[in-house]
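Open the model in your viewer and keep the sequence panel beside it. The stops below say what to select and what is there.

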Amino acid sequence: MANTSQDFSQLNISEEEKDKLVAEVIRYVLFKTHQNSGCPIKRDELTQIVTKNYHQRLLPALVINEAIAKLSSIFGFEMRELQRSRPSSTNQQSTTDTKSYVLISQLPADVYSKHVDDVNTAHLTGFTFVVISIVHLAGGKIPEEQLWHHLRRMGLHETDESNPVLGNIKQALEMLVQQRKTKLMALKVIPWFMSLLREL
């Protein structure tokens with residue numbers, strides 16, 4: 001930690017300024033993870049928070065590393081770096097590395113399932129994942145009737161008002177639409193979704 005403070009002082013950043021930048025990065029990571037249900041956060045997004053007012057080249061890495069340490073020691077999260085190759089926009093044959101992060105709880109599995117997992121909403125999360133998968137496999141757009149065709153093949157009927165898990169299936173789907181978790185006619189699937197499926 002002393003070495004880190006020395007690094008920040010060499011960049012002419014006060015302890016107060018450093019703490020403020022680290023807090024902003026932590027706040028962003030926590031809110032973004034909660035808002036997007038664990039979606040990866042691009043390193044570029046975190047770098048922009050730091051470089052908004054400061055232009056030192058080494059500062060973003062130092063702030064992000066400090067945020068990683070505090071997320072672990074204070075909040076009990078590991079901020080794990082994901083690294084994926086993607087084609088460069090200028091030359092399709094070269095690739096650039098896109099770094100992103102996900103938060104992973106450091107709680108033991110039994111404690112996590114007892115105190116964090118919400119069994120009351122787990123079924124809706126699964127239903128959301130199924131609907132998004134169907135829409136994505138259909139090319140990002142699907143007519144409502146075709147979506148119902150696929151859901152019926154899974155035993156989920158739009159006329160079923162007393163499903164033992166979801167209750168009224170049609171209302172469950174309408175709730176997803178209202179919550180903007182899915183847009184039936186024009187869904188733009190998050191690019192990392194397919195790469196996550198490939199990694200499984």
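This is a predicted model: local features need pLDDT of at least 70, side-chain atom pairs count only at pLDDT 80 or more; totals for chains, interfaces and linings use all residues.

Is R152 buried, partly exposed or exposed? With a relative accessible area of 26%, R152 is partly exposed, because that value lies between the 20% limit for buried and the 50% limit for exposed.

**The whole chain**

Nine helices and three strands make up its elements, and from the N terminus on their order is α-α-β-α-α-β-β-α-α-α-α-α. Colour by burial, and 31% of the 200 residues count as buried. The accessible surface comes to about 13300 Å², and carbon and sulfur atoms account for 52% of that area.

**The largest nonpolar core**

Select V25, V29, L46, L59, V63 and M79. In the largest nonpolar core, which has 19 residues, these touch the most other members. The elements giving two or more residues to this core are α2 (15-35), α3 (43-51), α4 (59-75) and β3 (95-105). A second, separate core has 14 residues, including I142, L147, W148 and I169.

Return to M79 and display its surroundings. Beyond its neighbours within four places in sequence, M79 is in contact with residues including V29, L46, I64 and Y101.

**Salt bridges**

The structure holds eight salt bridges. Select K32 and E45, whose side chains meet in one of them at 3.4 Å, N to O. This pair links distant parts of the chain, since K32 is in helix α2 and E45 in helix α3, 13 residues apart.

Next take R80 and E78, where the N to O distance in the salt bridge is 3.1 Å. R80 is partly exposed at 39% relative accessible area, and E78 is partly exposed at 29%. Then select E15, K18, D19 and E66, which are linked in a network of salt bridges.

**Helix α6**

Select residues 122-137, which form helix α6. The helix has 16 residues and reaches 23 Å from first C-alpha to last, close to the expected 22 Å. Among its buried residues are F127, V131, I132 and V135. After α6 comes G139, with a positive phi near 95°.

**A patch on the surface**

Finish with L107, V111 and Y112. Together they form a nonpolar surface patch with about 220 Å² of accessible area. Y112 is found in helix α5 (residues 109-115) and is partly exposed, with a relative accessible area of 30%.

Note on methods: Residues are numbered from 1 along each chain as its sequence is written. Side-chain values use heavy atoms; hydrogens and water are left out. Helices (H or I, at least four residues) and strands (E, at least two) are DSSP runs, numbered from the N terminus. Buried means under 20% relative accessible area, exposed over 50%, partly exposed in between (1.4 Å probe, protein chains only). Accessible areas come from the Shrake-Rupley method with a 1.4 Å probe; for residues, only the protein chains shown count as cover. The expected span of a helix is 1.5 Å times one less than its number of residues. Patches are made of residues with over 30% relative accessible area and no salt bridge: like charges are joined within 9 Å, nonpolar side chains (Val, Leu, Ile, Met, Phe, Trp, Tyr) within 5 Å. A salt bridge is a side-chain nitrogen of Lys or Arg within 4 Å of a carboxyl oxygen of Asp or Glu. A nonpolar core is a set of buried Ala, Val, Leu, Ile, Met, Phe, Trp, Tyr and Cys residues joined through side-chain atoms within 4.5 Å. Contact means heavy atoms within 4.5 Å.
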